[in-house]
Amino acid sequence: MHKTDDILLEWKDVSIGYRKNNVISSMLAENLSMKVRTGEIIGLIGRNGCGKSTLLRTMVRLQSSLKGKIMIGGKDINSISRTEYAKTVGFVSTESISIHHMTVAELVSLGRFPYTNWIGVFTALDREIVDNAINLAGISHIQDKYLYELSDGERQKTMIARVLAQDTKVMVLDEPTAFLDLPNRYEMLRLLNELAHQNGKTIIYSTHDLSIALYESDRLWLMAAGKITEGAPEDLIITKGFHKLFENSDIDFNMDTAGFQLKREFTGMMAVTGEASLNYWTSRALERIGIRTGREGSVKESIVTDFQNGTPVWFLYLYDKTYSFYSVYDLISFLKNYKKLT
Amino acid sequence: MNESLRIILFITLLCLTLLLFIIDILAGPVAIPVHDILQTIFTGESANPVWKTIVIGFRLPKALTAILAGMALSVSGLQMQTIFRNPLAGPYVLGISSGASLGVALVILGFPVLFAQGNINPLSIWVQIMASWIGSALVLLLIMTVSLRVRDIMTILILGVLFGSATSAVVSILQYFSHQTQLKAFVVWSMGNLGNVTKGQLAVMSVTTIAGLVISFFSGKMLNVLQLGESYARSMGMNITFSRMVVFISTSILAGTVTAFCGPVGFIGIAVPHITRALFKSADHRLLIPAVILTGAMIMLLSDILTQLPGSDSTLPVNSVTALIGIPIVIWVIFRNKKITPVG
């Protein structure tokens, strides 16, 4: 039961890359075909240099595609006038903007560029839209601050407010979480999610932050080896789409935790038993020094975790001797030394 | 800074400019009472016919020239700083003054007959002005052709500087092979002079300067957005080529005109936009352009007053004064920008 009438964006066999003297000098991805529905939030994921930025720049017409057609609302994007396109698709780049003597509100107001007359006179409607954008982005308390006074998180929200003031159906964002700390990243993605699901914005953003992208995207575009694999994050996990992304790298995708871990070479094995709440973290620490966690009984060397009067204790059984430790750090330090000695 | 403060600042600057305008007319080897000067300016009559000649024939045109030159250079400096996103850009970064000086060098050094001593007539002055204009127009044409093909604005900046250097090299060759008298005439031209503009020339200069300023008003909205860089500007629907054309044409008319009538006047175009931004604490070019026009006129009048050594008949070259005022400001900009990059 698919509705097709709400398809807003469609890529038909598009190839992206660069041209030099009218000859294709580098082809980053070929025959991309994707569809985007109104109000969807799409995370674009791929390794450095795979062409994420090129894809986004092609979407906002900062460069032209090498082949194929991009349709928006049923129209070829190249048939739309400059101003009309600026009213349809907005862009936030990775560039960090700091202009002397410019306030947050002034920067947001620049988003009205395609709507105002030649001298840039604001109507009451323009004002209202700018105010709304500032409120939606949650920056009304800093709107009179100068740009250089802002933190990275505030600056990024200001850039989002500017593109909101541009009042476009589609928002394209290149790594909106790049310079942000963890709480700010979640806040940014929550904001984007809200804009998509409550305000009907269609959002395409690129990111390196997989864990956030997995939670906050309706669909992911996985870009690898010149192709895009698309699907809901969960579908991609189930169909092992993520493994493609990190082929030939030192990273493995862990399907259970939906996280990534370094591929390791293990040099030993130990059993870890006892308190379940301690075992997970103990195993992780052991992995870091190259010891794999084996099943109980399958290996002689073992660690038993326990709580004594509420304090965690680790008992290490090693070649008929028993050692006890009161922190993971002490346990690991001992094992590292022990390995060196033997 | 709120609106009312800015309006107060505007009015203050306007009053200061008027005051400096009067002082500029007062300043000179012949002392004329303020009352007589005001009377001459407003009624065209004076008790003393010599005073009238001095005021109407010399000092008034000179002060008006200073105002026009200050406005023109400052606006073109502002435009260049914003479009190249470089705080040290000025009206001459595109090589406009070099083009003009090549034109002037060709006529002064190439046709000594026109500029032989005692033979300087209105015709030869117009020839010199035309040569200067044609020189800067050719540079503009070159820059435009390049900017149609080159995407990156920094490449245009570098090419502008290189064209300028190449032209200067040709001028040096011309200087090397020319006669002492012509050489001096050329060197004097290159020092800048506000006092050579006659009434007739002033009329022409006013018309072209105002034309250039009117075009610059069209650039305000675009310059605001260009501060974000060209990617953002394009994503907001700006026609980059068109915006460059508007800015380059306006700058060339303005800087080209000043150079044609006054010679190359340095540093005003770099320094005034910074003074104005610091005063008005704004990055909005719809405000900055009129503010820069006013501040530019004021600073140029001040420079012209300072060329007049008190109690002496001789005057300093205006270029030396503008450099001495401008350079400390440029140094201040460099130090300030170490803390905050990039500047718009």
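This is a predicted model: local features need pLDDT of at least 70, side-chain atom pairs count only at pLDDT 80 or more; totals for chains, interfaces and linings use all residues.
**Secondary structure of chain B**

Chain B contains 13 helices and zero strands. Its order along the sequence is accordingly written as α-α-α-α-α-α-α-α-α-α-α-α-α.

**Dimensions and packing of chain B**

The C-alpha trace of chain B extends over about 65 × 55 × 35 Å along its principal axes. Chain B has a radius of gyration of 20 Å, and a compact globule of 344 residues would have one near 20 Å, so the two agree. Buried positions make up 54% of the 344 residues of chain B, where buried means under 20% relative accessible area. Contacts in chain B were also sorted by sequence separation: of those between residues at least 6 apart, 76% join residues at least 24 apart.

**Surface and charge of chain B**

Chain B carries 18 positive and 9 negative charges. The mean position of the positive charges lies 12 Å from the mean position of the negative charges.

**Domains of chain A**

For chain A, the domain assignment gives two entries, listed below.

| Domain of chain A | Residues |
|---|---|
| Domain 1 | residues 7–260 |
| Domain 2 | residues 268–341 |

Between the C-alpha centres of domain 1 of chain A and domain 2 of chain A the distance is 46 Å.

Terms used:
Residues are numbered from 1 along each chain as its sequence is written. Chains are lettered from A and ligands numbered from 1 in the order in which they are written. Side-chain values use heavy atoms; hydrogens and water are left out. Helices (H or I, at least four residues) and strands (E, at least two) are DSSP runs, numbered from the N terminus. The radius of gyration is taken over C-alpha atoms; the globule rule is 2.2 Å times the number of residues to the power 0.38. Buried means under 20% relative accessible area, exposed over 50%, partly exposed in between (1.4 Å probe, protein chains only). Contact means heavy atoms within 4.5 Å. Lys and Arg count as positive and Asp and Glu as negative; His and the chain ends are not counted. The place of a charge is taken as NZ of Lys, CZ of Arg, CG of Asp or CD of Glu. Domain bounds come from an automatic or database domain assignment.
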